[in-house]
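Student: Hi! Could you walk me through this model?

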Amino acid sequence: APAQSSSSSANFLSWQLSNGVVELSDPLLTSFSEYKLANPILLGSGGGGAVFATHPMMMKSDNNKDDIAIKVSWVRSASSVKRECQVLQELERKHTRNVEHCIGMEPYPSDTRRVMIALQPVVEKENVVSRVDKINPNMQPIAVQALIRTLIDMLHANIVTTDVQTLMNKETGQVLFIDFTEAQQMASPNPSFMDLALASSFCSEIIALIPNTLMNVASRTLVDELNTLHSRGEYFSLPIYELLREQEVLLNPTSIEMIDSVIARYAK
């Protein structure tokens, strides 16, 4: 855990963290559109920035009282945190499931070379685990389904990330993908060699989260998701199907047949 010190004077808070200093007013001087945010509480910090939970104060047109996370970048990470918000907003536009939402972005008041982004939801750490096998056994299939659905949604949005980070509710099996500072937009319809290398790593990291005993659930979910995609008349580019075909541990006979048939159509 990073070293932390805080002081309060006239509703102004300061944290001395291992990567730098963060100073915030309470309530925040920035409002992120219709929100006025109060009571910042440090959740953690890393190379990208420091993250705080804040509580929305009552606004005239806002009934949403759920906490909002504020991520404050360092100077060196400002561009990646800015890109993170843009990626999350693109994923939301593409209806990607199980990823956090970026409400908006504003300059950090104490140093405009840095940025602040507002994120939801804020997940209570008490019920959160990072591995499927730590979830209530009855709920583990729900988590596996969520992982595969997000895999397909992100590939369909032409966005992949490395250093996949998830928060899994050990009681409900709900999954939330967080920290998209390493996310990249792939070229479409012809992803580059580097795009495909990142996509391969992305697939491998998600598959590594799935216990072998639940790989059959993952395989069935993959088939269901591809069927749903194809029923809408939507398809991946050929390199993405070829990438999926390489994920042998994830595939069952039905998914192999489906992917091979699509690849054969591209070859005609």
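Tutor: Happy to; we'll take the disulfide, the aromatic rings and then the pockets. This is a predicted model, in which local features need pLDDT of at least 70, side-chain atom pairs count only at pLDDT 80 or more, and totals for chains, interfaces and linings use all residues. Residues are numbered from 1 along each chain as its sequence is written, and side-chain values use heavy atoms, with hydrogens and water left out.

Student: Great. How many disulfides does the structure hold?

Tutor: There is 1 disulfide, meaning a pair of cysteine sulfur atoms within 2.5 Å. Cysteine 85 and cysteine 102 form it, with their sulfur atoms 2.1 Å apart.

Student: And which parts of the chain does the pair link?

Tutor: Distant ones: cysteine 85 is in helix 1 (residues 78-93) and cysteine 102 in strand 7 (residues 101-107), 17 residues apart. Helices (H or I, at least four residues) and strands (E, at least two) are DSSP runs, numbered from the N terminus.

Student: Which hand is the disulfide?

Tutor: The torsion about the S-S bond is about -95°, so the disulfide is left-handed.

Student: Is cysteine 85 buried or exposed?

Tutor: Cysteine 85 is buried, at a relative accessible area of 1%. Buried means under 20% relative accessible area, exposed over 50%, and partly exposed in between (1.4 Å probe, protein chains only). Cysteine 102 is buried too, at 4%, and cysteine 203 is buried with 1%.

Student: Switching topic: how many aromatic pairs are there in the whole structure?

Tutor: A search finds 3 aromatic pairs. Rings of Phe, Tyr and Trp (its six-membered ring) pair if their centres lie within 6.5 Å; planes under 30 degrees apart count as stacked, over 60 as edge-to-face and the rest as tilted. For phenylalanine 236 and tyrosine 241, the ring centres are 5.5 Å apart and the planes at 65°, so that pair is edge-to-face. Phenylalanine 236 and tyrosine 241 are both buried.

Student: Which residues do ring pairs link into a cluster?

Tutor: Phe236, Tyr241 and Tyr266. Tyrosine 266 sits in helix 6 (residues 253-267) and counts as partly exposed, at 36% relative accessibility. Tyrosine 266 and leucine 238 are 28 residues apart in sequence, yet 6.8 Å apart in space, C-alpha to C-alpha.

Student: What lies over the face of tyrosine 235?

Tutor: Arginine 265, at 5.0 Å from the ring centre. The test for a charge over a ring is NZ of Lys or CZ of Arg within 6 Å of the ring centre and within 35 degrees of the ring normal.

Student: Which residues lie nearest its centre?

Tutor: Of the 24 residues lining the largest pocket, Val51, Lys125, Gln165, Ile178 and Asp179 lie nearest its centre. The lining divides into 10 nonpolar, 9 polar and 5 charged.

Student: And the second largest pocket: which element gives the largest share of its lining?

Tutor: Helix 2, with 4 residues. The second largest pocket has a volume of about 330 Å³.

Conventions: On a 1 Å grid over the protein atoms alone, a cavity is a set of points where a 1.4 Å probe fits but cannot get out, and a pocket is an open set with protein on both sides within 12 Å along at least five of seven lines; lining residues have an atom within 4 Å of a point. Ala, Val, Leu, Ile, Met, Phe, Trp, Tyr, Cys and Pro count as nonpolar, Asp, Glu, Lys and Arg as charged, and the others, Gly among them, as polar. Grid points are joined across faces, edges and corners, and a volume is the space filled by probe spheres set on the points.
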